[in-house]
Amino acid sequence: MSHVEKELSCSKATGVDGISVKILKLVSPVFSHPLTKLLNMSLDKGIFPTKWKIARVTPLHKSGLRDDKNNYRPISVLPVISKICEKHVARSVMDYFTNNGLLYERQSAFRKGHSTETALINLTDQILLNMDKDEVTLMAFVDFKKAFDLIDHQVLLSKLHLYRVADSAIKWFTSYLTGRSQFVTIDGQQSSRLPVNHGVPQGSVLEPILFLLYVNDIPLHLSHSSVDIFADDTTLSASTHWNDIPSMVHDINCDLAALSQWSIQNKMSINDEKTKFMLISGKRLEKKILEKGNMDIAVRYTDY
């Protein structure tokens with residue numbers, strides 16, 4: 001049994017092919033060799049099998065009225081065998097980007113040694129350091145609408161090319177992303193299949209990694225702010241002397257405008273309602289800020 005097969009959990013749902021992890025592990029002594037040959041052929045030929053690109057989607061009710069489709073979260077299940085191939089590709093891609101220093105260092109999601117804790121620690125340390133220097137910190141929390149679902153395949157493939165990913169690998173990713181379809185099952189009833197032409201494949205192993213690569217260049221377009229990213233949550237921050245808040249607000253807004261332009265070029269959308277500002281200072285500076293009226297200046301931009 002391969003190392004990847006051993007990692008698969010028997011609790012994983014079964015895809016449209018009807019092959020469960022439990023069955024796969026039972027037959028692995030005789031099945032691992034032909035499966036390995038099949039996976040190597042997929043990589044060599046740059047073709048991802050069509051049967052592995054069919055997703056079964058089950059809507060999971062979150063809260064609110066059950067007759068409102070917006071109150072459901074779609075759970076996508078793909079064939080288990082496809083994930084064995086994806087795990088190998090995912091490791092190779094991450095090794096390539098990590099070893100060549102291509103990943104943005106302050107992206108804290110889906111990376112070994114990074115988490116929400118490391119992201120919060122970095123931000124907290126920076127805020128405390130600014131306070132020690134009698135500076136205030138302005139933060140903009142940016143939210144993207146349906147970020148994973150709006151990924152444009154051609155833009156993603158062009159970015160892989162710019163990162164000098166091998167042509168053979170790009171050919172494989174092209175096959176992997178195109179020709180996908182999904183159907184919905186509710187109470188044993190199955191809908192017809194519909195094509196999936198955008199987004200990183202939900203429920204796949206490569207979904208988070210491909211998203212990281214898609215947003216990896218955001219900081220290159222911003223000139224005035226420090227950028228911290230956790231998946232699709234992007235935080236811009238800047239600091240200055242308490243007497244120069246208007247200039248800092250102007251700089252943050254320039255970067256927000258640049259980020260908005262990046263979103264247009266990359267066919268994504270910023271959720272204005274969930275994009276917020278926060279001005280942070282020590283207690284001894286709060287009175288000075290309020291007296292000068294700088295707090296009002298910052299607050300006006302919360303609805304950017």
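In this predicted model, Lys-133 and Glu-135 form a salt bridge in which the closest N and O atoms are 4.0 Å apart. Lys-133 has a relative accessible area of 47%, so the residue counts as partly exposed. This pair belongs to a set of 4 salt bridges in the structure.

Another of these pairs joins the side chains of Lys-267 and Asp-152, at 3.4 Å from N to O. Lys-267 is in the loop between helix H9 (245-265) and strand S9 (276-280), while Asp-152 is in the loop between strand S3 (135-143) and helix H6 (153-162); the bridge therefore ties together parts 115 residues apart in sequence. Asp-152 is buried because its relative accessible area, 9%, is under 20%.

Arg-106 and Asp-228 also meet through their side chains in a salt bridge, with an N to O distance of 2.9 Å. Here the partners are 122 residues apart: Arg-106 sits in the loop between H4 and helix H5 (116-132), and Asp-228 in strand S7 (residues 226-230). Arg-106 is partly exposed at 21% relative accessibility, whereas Asp-228 is buried at 5%.

Helix H4 (residues 80-99) contains Lys-87, which is partly exposed at 21% relative accessibility. The C-alpha atom of Lys-87 is 6.3 Å from that of Val-205, although 118 residues separate the two along the chain. H4 packs with H3 at an angle of about 60 degrees, the axes being 11 Å apart. The two helices are therefore oblique to each other, and the crossing is right-handed.

Val-27 lies in the loop between helix H2 (21-26) and helix H3 (28-45). With a relative accessible area of 33%, Val-27 is partly exposed. Together with Ile-23, Leu-26 and Val-30, Val-27 makes a nonpolar surface patch of about 380 Å².

How values were computed: Residues are numbered from 1 along each chain as its sequence is written. This is a predicted model: local features need pLDDT of at least 70, side-chain atom pairs count only at pLDDT 80 or more; totals for chains, interfaces and linings use all residues. Side-chain values use heavy atoms; hydrogens and water are left out. Helices (H or I, at least four residues) and strands (E, at least two) are DSSP runs, numbered from the N terminus. Buried means under 20% relative accessible area, exposed over 50%, partly exposed in between (1.4 Å probe, protein chains only). Patches are made of residues with over 30% relative accessible area and no salt bridge: like charges are joined within 9 Å, nonpolar side chains (Val, Leu, Ile, Met, Phe, Trp, Tyr) within 5 Å. Accessible areas come from the Shrake-Rupley method with a 1.4 Å probe; for residues, only the protein chains shown count as cover. Axes are lines fitted to C-alpha atoms, for helices over the stretch in contact, and angles run from 0 to 180 degrees between N-to-C directions. Angles under 35 degrees count as roughly parallel, over 145 as roughly antiparallel, 65 to 115 as roughly perpendicular and the rest as oblique. A crossing is left-handed if the near helix is turned anticlockwise from the far one by less than a right angle, and right-handed if clockwise.
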